[in-house]
Amino acid sequence: MRELFALYLEHKSISEVARIAKQRGYRNKAWETRRGKQSGGAVMGRNVMAKLLSNITYTGRVRFQGTIYEGEHEAIIDIATYEAAQRIMAENASNGGARSRTKHFPLLRGLVRCKACGCAMHYSYTKQRDRLYGYYVCANAKTEGVASCPVPSLPAAELEAMAVEEVKTICRSKRMTDAIFKAAAADHTQSVAAMTERLQEAEQLAQKATAVADRTPADQEAQAMRRHAEVRLVEVRQEAHALQLADPSRPEARECFARFTDVWTELQPRERQELLHHLVDHIAIDGEAGTMAFTFRSEGIAAMAREPAPEALA
């Protein structure tokens with residue numbers, strides 16, 4: 001964890017830290033449920049990395065219902081390092097980070113996939129007579145050669161305009177939005193079931209650790225285990241509360257979806273990119289047919305209602 005914070009202070013980019021962590025084989029915590037099912041252990045992507053770098057628990061403190069308390073567990077990250085990381089995040093959030101200061105801004109970065117190859121399409125650009133021409137290139141074509149993909153690259157401006165119009169069309173269609181919300185509700189139900197099991201396990205672990213610690217007050221290891229279990233229980237409860245707020249069946253979610261077109265016109269490029277990443281998990285591009293298929297994020301739909309895009313939604 002200390003290494004991740006050090007990397008962030010050096011590079012000042014969550015995406016870059018996530019890339020380095022993936023390169024080094026780092027993964028998030030894995031655990032086994034009471035039913036013997038393995039969970040976690042995935043590669044730490046940008047969203048997970050942002051959550052880790054924002055977690056105040058690593059400083060020996062806990063945040064509960066908006067208030068910070070001194071915890072009984074040992075700090076992993078010193079407060080100065082943690083606060084330095086938070087200042088960088090706040091600065092990047094206000095100015096869009098290093099990417100937004102470039103002359104080209106890839107709206108669909110990290111979202112598009114090549115349907116023919118099943119792999120990601122990366123943003124790139126070329127410069128001709130002082131003008132930048134952006135395009136999305138199939139990762140397979142980039143590594144194996146353009147002959148390996150039927151449509152190795154697509155112009156960024158056209159693809160981005162097509163994607164935005166497609167989202168607007170979906171948001172205007174009751175039939176399409178009903179289907180999206182139905183799928184999102186099903187995903188959310190599964191997530192709630194898994195979270196309920198995690199919460200029960202955390203509560204049982206805290207109870208057992210407390211019982212052992214009470215029986216052996218002089219045992220430092222038992223006391224440390226109790227503190228760890230208590231902190232973990234607070235974290236899981238916070239996650240469960242956040243999941244409850246991410247219920248896509250909330251009326252506010254549908255209202256924000258319906259207002260997508262009005263909101264979009266008021267947003268800056270960085271804000272538009274963030275909004276799409278809130279709503280969309282990925283976009284499958286069929287370059288030969290000239291079509292695209294969207295997979296929406298259930299938690300993102302509700303998050304859009306809970307934490308609307310900057311000022312334009314106010």
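Author: Start with a term: helices here are DSSP runs of H or I with at least four residues, and strands are E runs of at least two, numbered from the N terminus. This is a predicted model, where local features need pLDDT of at least 70, side-chain atom pairs count only at pLDDT 80 or more, and totals for chains, interfaces and linings use all residues. Residues are numbered from 1 along each chain as its sequence is written, and side-chain values use heavy atoms, with hydrogens and water left out.

The structure has 6 salt bridges. A salt bridge is a side-chain nitrogen of Lys or Arg within 4 Å of a carboxyl oxygen of Asp or Glu.

Take Glu 165 and Lys 168. Their closest N and O atoms lie 3.8 Å apart. Both belong to helix α7 (residues 156-172); they are 3 residues apart, so about one helical turn separates them. Glu 165 is partly exposed at 42% relative accessible area. Lys 168 is buried at 13%. The cut-offs are under 20% for buried, over 50% for exposed, and in between for partly exposed (1.4 Å probe, protein chains only).

Next, Glu 239 and Arg 198. Their side chains form a salt bridge at 3.1 Å, N to O. This pair links distant parts of the chain, 41 residues apart: Glu 239 is in helix α9 (residues 220-245) and Arg 198 in helix α8 (residues 174-215). Both residues are buried. Arg 198 and Glu 239 also join Lys 51 in a network of salt bridges.

Helix α9 also holds Arg 232 and Glu 235, 3 residues apart and separated by about one helical turn. Their closest N and O atoms are 3.3 Å apart, in a salt bridge. Glu 235 is buried, with 16% relative accessible area.
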